[in-house]
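Welcome! Take a look at the structure first, then try each task before reading on.

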There are 4 protein chains.
Amino acid sequence: MIRVVILGQGMVASHLVVGVERIKRGELQPYGIPFAKYSLPYSINDIEFVASYDVDPVKVGKTVYDVAYSLVGDTLPVPEELKKISVYEGIHLGSLKGLVDNAVGLEHRLGLKEAINRLIDQWRIIEPDVFVNIITTEPAKPFNELNKLEHAIENNSSKVSASHAYAYAAAKYAIETGKRIAFINAIPSPLANDPAIVELYNEAKSVIIGDDGATGATPLTADLLEHMAERNRFVEFIVQFNIGGNTDFLALTVPERNKMKEFTKSSIVEDILGYNAPHYIKPTGYLEPLGDKKYVAMHLEYITFNGLRDSLFISARINDSPALAGLLVDLIRISKILVDKGFRGTVYEVNAFFMKKPGPREAKSISKTLAYHRLLDLLKNIDVVKY
Amino acid sequence: MIRVVILGQGMVASHLVVGVERIKRGELQPYGIPFAKYSLPYSINDIEFVASYDVDPVKVGKTVYDVAYSLVGDTLPVPEELKKISVYEGIHLGSLKGLVDNAVGLEHRLGLKEAINRLIDQWRIIEPDVFVNIITTEPAKPFNELNKLEHAIENNSSKVSASHAYAYAAAKYAIETGKRIAFINAIPSPLANDPAIVELYNEAKSVIIGDDGATGATPLTADLLEHMAERNRFVEFIVQFNIGGNTDFLALTVPERNKMKEFTKSSIVEDILGYNAPHYIKPTGYLEPLGDKKYVAMHLEYITFNGLRDSLFISARINDSPALAGLLVDLIRISKILVDKGFRGTVYEVNAFFMKKPGPREAKSISKTLAYHRLLDLLKNIDVVKY
Amino acid sequence: MIRVVILGQGMVASHLVVGVERIKRGELQPYGIPFAKYSLPYSINDIEFVASYDVDPVKVGKTVYDVAYSLVGDTLPVPEELKKISVYEGIHLGSLKGLVDNAVGLEHRLGLKEAINRLIDQWRIIEPDVFVNIITTEPAKPFNELNKLEHAIENNSSKVSASHAYAYAAAKYAIETGKRIAFINAIPSPLANDPAIVELYNEAKSVIIGDDGATGATPLTADLLEHMAERNRFVEFIVQFNIGGNTDFLALTVPERNKMKEFTKSSIVEDILGYNAPHYIKPTGYLEPLGDKKYVAMHLEYITFNGLRDSLFISARINDSPALAGLLVDLIRISKILVDKGFRGTVYEVNAFFMKKPGPREAKSISKTLAYHRLLDLLKNIDVVKY
Amino acid sequence: MIRVVILGQGMVASHLVVGVERIKRGELQPYGIPFAKYSLPYSINDIEFVASYDVDPVKVGKTVYDVAYSLVGDTLPVPEELKKISVYEGIHLGSLKGLVDNAVGLEHRLGLKEAINRLIDQWRIIEPDVFVNIITTEPAKPFNELNKLEHAIENNSSKVSASHAYAYAAAKYAIETGKRIAFINAIPSPLANDPAIVELYNEAKSVIIGDDGATGATPLTADLLEHMAERNRFVEFIVQFNIGGNTDFLALTVPERNKMKEFTKSSIVEDILGYNAPHYIKPTGYLEPLGDKKYVAMHLEYITFNGLRDSLFISARINDSPALAGLLVDLIRISKILVDKGFRGTVYEVNAFFMKKPGPREAKSISKTLAYHRLLDLLKNIDVVKY
């Protein structure tokens with residue numbers, strides 16, 4: 001079994017727990033789970049959710065069933081098994097500021113240092129193997145040096161993001177208990193891209209995977225750019241618009257949160273093409289009735305042979321949260337396998353396929369197709385996948 | 001130098017010769033030529049066109065300059081150097097039936113066997129290294145056994161396609177002169193997919209590359225399907241429409257020519273996805289004012305995680321002939337390299353990237369991105385590309 | 001009340017009866033019914049379906065409930081009221097040839113003349129006010145002169161289409177009983193465009209409305225062309241593709257049925273623009289999993305001020321049958337009003353908005369927006385709509 | 001002849017003067033000019049540009065030829081006749097703040113009141129009939145009462161926009177000379193929507209036309225919404241993105257300028273549908289290499305009959321400035337005709353078709369198709385158009 005703790009019980013987490021339970025029940029095909037067709041050492045049935053954390057007072061104290069029912073119950077059957085999992089109070093550090101009025105975290109009454117200790121105490125009992133960070137996109141910066149991060153935590157500094165605090169707590173839990181864990185960061189906060197965090201996970205003989213789960217239009221854009229590069233077409237410009245109606249899009253109407261996203265999306269252009277083609281790639285807007293199904297519009301022009309110009313237009317309607325939830329199923333399985341195999345720090349081959357801004361910091365984006373096959377090679381080399 | 005003979009002096013051939021000469025003159029960037037960024041043993045400057053063949057009486061006897069000027073002179077500067085290359089009478093065998101009224105080939109007055117000998121005699125003088133087959137899409141079937149092909153030629157049979165006749169003549173020229181050559185088949189007629197032809201090229205210690213140059217919407221579709229497969233999304237259906245105004249689209253309004261194309265396009269779905277998702281992938285129509293710039297419309301729906309449905313719509317405006325011409329520049333260079341390195345028969349690694357229906361017959365389609373990287377690996381293994 | 005007979009119990013008819021009953025029950029908003037926002041002399045509640053006719057042996061003898069349940073029961077609740085309406089054997093005349101193997105019509109055992117009399121006898125009892133022709137698209141030609149039509153019926157000629165036979169029977173029923181009726185032809189068979197039929201309805205003091213209900217991409221194209229014309233933009237070409245998975249798309253894979261559709265769609269270009277811009281406007285293909293929801297792709301280029309070129313691309317996913325069913329609700333109400341007001345023959349103002357090929361034969365297509373406002377003016381002039 | 005003064009010598013003005021001169025020379029078809037197909041009392045040949053004003057020091061003191069050559073000379077032939085027209089220093093009032101560093105207007109050294117007098121003095125000599133306001137989108141608010149506007153001008157207030165100052169000057173010129181003039185406001189600044197300005201033009205027996213020329217995606221959206229409304233479809237939401245690379249898009253990256261545009265675009269939804277469907281309709285971004293050719297993406301979902309949902313996706317590539325320039329040709333002709341016929345104040349019928357935010361303030365938006373036909377009716381009623 002893989003014991004999983006969820007950080008942030010929103011739409012993605014709700015799709016994740018509902019989907020996994022439905023697959024366990026044999027009600028659902030494992031579509032949207034990249035490596036479902038290979039026989040990995042852990043099956044989807046081995047995933048067990050043991051606790052969830054949030055800072056929205058509407059959710060804290062409820063069961064995961066209650067929250068999932070309120071978020072996705074109108075379109076999906078919510079399995080009763082989820083009534084056994086509780087939503088505990090987590091760390092806030094302003095991560096919902098401006099979005100949820102009365103969000104409250106453990107650190108509000110305990111201070112940050114003590115809040116982290118409280119979490120570690122809980123985890124000693126729960127014994128998680130894997131942590132999944134899917135809180136709302138928050139402003140966050142790397143600390144670069146581990147002692148700076150520790151200093152900031154010590155001083156209750158507002159520079160510490162909720163993601164950093166959770167990642168720190170998980171690593172400390174690993175160090176203190178001697179258990180190796182994996183921490184998966186599916187949001188833009190720089191963790192696998194923060195040398196301070198990577199160093200910490202090396203110390204903890206644990207694995208940090210991140211940053212920013214590669215769903216939506218960006219992986220498609222990456223593969224399209226690879227398609228262009230492989231034909232030596234000269235991309236004159238690329239425009240990519242995004243609009244949705246879920247909390248994440250609402251969060252992105254706040255400029256400093258939007259910047260977090262723009263940063264992780266834009267790096268792909270130069271990394272894949274080899275030159276920085278002019279581009280406009282940003283989450284563009286929020287329109288509530290779109291709900292979790294976003295609308296993506298893309299336009300790209302390029303120069304082909306003999307100097308002539310071709311144009312490409314893409315429109316898509318994509319369910320936002322399930323796409324990430326599907327990736328998380330495999331991230332949980334693969335990161336646990338890596339821990340078992342003795343990997344530590346961050347693992348570029350995993351990040352390159354699953355993440356928009358693959359760590360470590362100096363790493364480049366590559367097309368997702370290339371990344372998929374390199375990850376497959378890694379899994380074969382460590383005797384995890386055969387074929 | 002690489003001495004090249006063109007078979008079929010249409011739009012693609014005109015773009016090819018004009019583009020190569022403009023690049024030699026330093027007037028044009030090598031966009032649309034896949035491997036232009038690598039330093040291959042032959043540069044683009046090493047390509048020399050030495051003769052062209054056609055069966056349209058309007059073209060035969062003219063220079064390549066004249067034909068190129070009439071076809072692309074309105075949009076591109078046509079270099080004077082092309083006045084030195086003549087368009088000779090080639091083999092017809094009905095390849096323009098219904099499209100050009102009074103098309104006439106050498107075999108009309110000489111018989112097929114003698115026509116082939118006439119070509120070989122010319123080539124003994126011209127000494128070509130590489131043949132590029134870009135005649136109009138024609139109905140054609142594989143012979144499977146070499147003696148059946150030889151028997152049909154002997155008997156002046158109408159079952160022999162112009163492509164088969166040209167490929168046969170080129171191989172015989174190689175055998176008789178002891179010179180190893182490469183024959184590139186960029187149209188749907190099965191040559192690299194015909195065991196008879198592959199056997200013949202093995203005998204001739206020469207290389208046959210084909211079939212059907214991978215341009216337009218199909219390579220994009222292949223890479224999109226790979227993108228779906230790598231996420232284990234379940235494709236419910238895929239529709240792909242195509243309309244253009246050049247001779248090739250006109251040819252495809254004739255049902256038996258259209259069938260040739262549908263066959264090479266459809267095989268990618270099952271090969272890449274692993275199941276035969278319902279699809280409608282066909283050249284759809286002809287509308288003269290679209291000219292060489294085709295309009296492609298695509299729609300795809302798939303099931304993602306938790307059983308939800310996503311949709312993708314693509315519209316594109318693509319210059320048809322330059323795309324293939326750009327590929328041919330590299331096909332000429334790479335196939336000559338392979339000949340130099342002692343390859344014979346057909347070479348799947350080249351076909352898989354450059355062709356819609358990669359030979360040999362039993363080969364599968366793979367995504368173009370995968371194929372690109374496998375070809376790059378081959379070129380590195382034989383010390384052609386370094387990095 | 002308006003007593004309605006349905007001819008052809010397929011998808012459209014099923015949507016029509018289900019939708020109207022759901023609106024009567026107060027379960028459904030009247031979306032998709034153009035004049036629902038105006039208070040017409042007949043409300044939607046006044047529509048009463050009294051009988052349905054078909055020639056598919058699977059349907060004949062069943063209730064409308066049974067058929068509707070099998071066709072749309074997976075997505076819509078099918079009201080129990082529909083169990084009271086029977087599906088009777090109608091006239092075949094080859095209208096399902098090649099689509100349904102063992103289709104049988106009254107004329108097979110009675111001969112055409114006697115079959116028509118049998119229908120009239122039934123209608124004397126049922127007393128319908130309005131007939132709605134929604135059989136599958138069939139090959140059909142106008143008779144132009146009434147005596148030729150009567151002669152053909154007399155002689156059991158295979159030139160008589162099922163639509164002609166039904167329209168003839170309905171008019172004869174009107175003449176014989178002295179009751180004025182309306183016949184709505186929502187398929188491409190030329191009835192309102194056949195002077196023979198228009199003359200017959202004049203004689204019968206009844207109204208014939210047609211031909212070919214204006215749903216799907218064509219009305220949108222008409223309004224887009226009007227948009228271009230009003231800015232004096234020069235349309236260089238227009239392409240419109242259509243693919244679906246219902247019986248009507250299957251029918252259109254048969255070339256002579258497809259021709260019927262192409263004819264009614266293409267006439268709009270010259271009528272609205274004033275010149276025959278090059279166009280490709282055809283039902284393009286059939287792909288079963290698309291079901292009743294078709295995919296439409298459109299591309300249009302035009303010259304704007306200073307000779308520059310603009311491009312427009314449209315993709316749409318449209319439920320095919322409900323769109324027509326919504327129009328039929330108003331066609332039933334408005335045609336009954338016209339009968340009450342003493343109109344006879346055909347009524348261009350109604351046809352121009354609701355039909356793709358508005359009769360009478362010499363009439364032009366106009367944009368649907370213009371047509372809507374002219375029809376509104378007519379309804380105001382005859383005191384039917386106030387505002 | 002119609003003597004025209006241009007205010008703002010940017011891309012639109014350059015297209016306007018180049019296009020009109022090319023049409024006069026017989027070099028260009030009048031595409032993109034809505035009423036070119038009707039014979040109006042003034043032909044396009046009657047338009048004479050007599051002066052232009054700007055505040056960019058790079059332009060002031062040059063000829064219109066120089067400016068047009070630098071802006072559109074790469075793609076269009078610029079007629080020599082334009083060398084006779086000078087670009088004079090105009091009024092700035094911050095209209096280029098943040099876009100052009102050293103923009104300077106007459107009011108900088110003269111004060112506003114005196115700057116206006118200086119313009120009037122120039123116009124006494126030049127004798128213009130029509131003024132065309134096409135300066136860059138600027139922040140501006142209505143004054144509502146004429147005395148407030150006069151007071152602000154008297155006091156050199158920064159609340160006065162350049163558009164207000166120009167419109168005021170033109171009206172004063174009309175009053176002082178007794179000549180009736182027309183002022184066409186093609187930018188979002190509220191002039192025809194400012195009761196103060198409308199009152200002033202009534203006094204001046206002159207015509208104010210505005211506001212915000214209806215080009216680009218918004219007229220198309222208006223006609224699409226009308227298309228929906230006429231079928232009583234329930235629009236669930238509408239998204240419209242816009243990105244371009246000209247100065248106007250750059251200006252719209254400044255939030256308060258963007259707001260000006262959003263305001264004029266959004267009002268159409270409720271006006272046409274009758275309910276305020278959720279919408280996101282905004283100029284979205286700036287990407288320099290797109291130049292004057294913008295990319296528009298649109299998505300709309302609606303409920304059709306039986307409660308089912310349809311989707312529509314539109315992508316367009318539209319030359320931005322020529323579209324407005326084409327409208328201006330007719331606005332110049334028609335507004336001069338209205339002045340000749342004795343109209344005064346503002347004329348809704350003209351505004352409704354040609355403007356995004358048609359004045360007067362209390363007026364509603366209607367679909368452009370309806371507006372076109374109402375304007376045509378007006379022109380027929382005053383004996384200007386016959387048919």
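**Exercise 1.** How many residues of chain B are in contact with residues of chain C, and how many of chain C are in contact with chain B?

*Solution.* Please keep in mind that this is a predicted model.
- Step 1: Count both sides of the contact: 18 residues of chain B touch 18 residues of chain C.
- Step 2: Look for the elements that give two or more residues to this side of chain B; they are strand 7 (234-244), strand 10 (293-303) and strand 11 (309-319) of chain B.
- Step 3: Find the main contributor, which is strand 7 of chain B, giving the most with five residues.
- Step 4: Sort the side of chain B that touches chain C by class: 12 residues are nonpolar, four are polar and two are charged.

**Exercise 2.** Now turn to chains A and B: which element of chain B supplies the largest share of the side of chain B that touches chain A?

*Solution.* 
- Step 1: Begin with the totals, 47 residues from chain B and 47 residues from chain A.
- Step 2: List the elements of chain B that each supply at least two residues to this side: helix 1 (11-24), helix 8 (217-229), strand 11, helix 11 (320-340) and helix 13 (368-381).
- Step 3: Pick out the largest share, which is the 10 residues from strand 11 of chain B.
- Step 4: Divide the residues of this side by class, giving 23 nonpolar, 16 polar and eight charged.
- Step 5: Compare the two copies: 100% of the interface residues of chain B are also interface residues in chain A, so the copies meet through the same surface.

**Exercise 3.** What rotation superposes chain B on chain A?

*Solution.* 
- Step 1: The rotation is 180°, with 0.0 Å of shift along its axis, and the RMSD is 0.1 Å.
- Step 2: Name the relation: this is that of a two-fold axis.
- Step 3: Locate the axis in chain B, where the nearest C-alpha, that of B:Ile314, is 2.3 Å from it.
- Step 4: Check the strand pairing, in which A:Ile314 stands opposite B:Ile314 in strand 11 of chain B.

**Exercise 4.** Which strands pair with strand 11 of chain A?

*Solution.* 
- Step 1: Inside chain A, strand 10 (residues 293-303) pairs with strand 11 in the antiparallel sense over 11 bridges. One of the bridge pairs joins A:Lys293 to A:Asn319.
- Step 2: Look at the hairpin of these two strands of chain A, with five residues between the strands; there A:Asn306 takes a positive phi near 65°.
- Step 3: Ask how covered strand 11 of chain A (residues 309-319) is: mostly, with nine of its 11 residues buried.

**Exercise 5.** At what angle do helix 1 and helix 2 of chain C pack?

*Solution.* 
- Step 1: Helix 1 (residues 11-24) and helix 2 (residues 64-72) of chain C pack at about 110°, with their axes 9 Å apart.
- Step 2: These two helices of chain C are therefore roughly perpendicular to each other.
- Step 3: Name some contact residues, including C:Met11 and C:Val18 of helix 1 of chain C and C:Val64 and C:Leu71 of helix 2 of chain C.
- Step 4: By class, this contact between the two helices of chain C has eight nonpolar, two polar and no charged residues.

Conventions:
Residues numbered from 1 in each chain as written. Chains lettered and ligands numbered in written order. Predicted model: local features only at pLDDT ≥ 70, side-chain atom pairs only at ≥ 80, totals over all residues. Contact = placed C-beta atoms within 7 Å. Helix = DSSP H or I, 4+ residues; strand = E, 2+ residues; numbered from the N terminus. Nonpolar A, V, L, I, M, F, W, Y, C, P; charged D, E, K, R; others polar. Least-squares fit on C-alpha atoms with pLDDT ≥ 70 in both. Buried ≥ 20, exposed ≤ 12 C-beta atoms within 10 Å, placed from the backbone. Pairing = 2+ DSSP bridges. Axes fitted to C-alpha atoms, helices over the stretch in contact; angles between N-to-C directions. Parallel < 35°, antiparallel > 145°, perpendicular 65-115°, else oblique.
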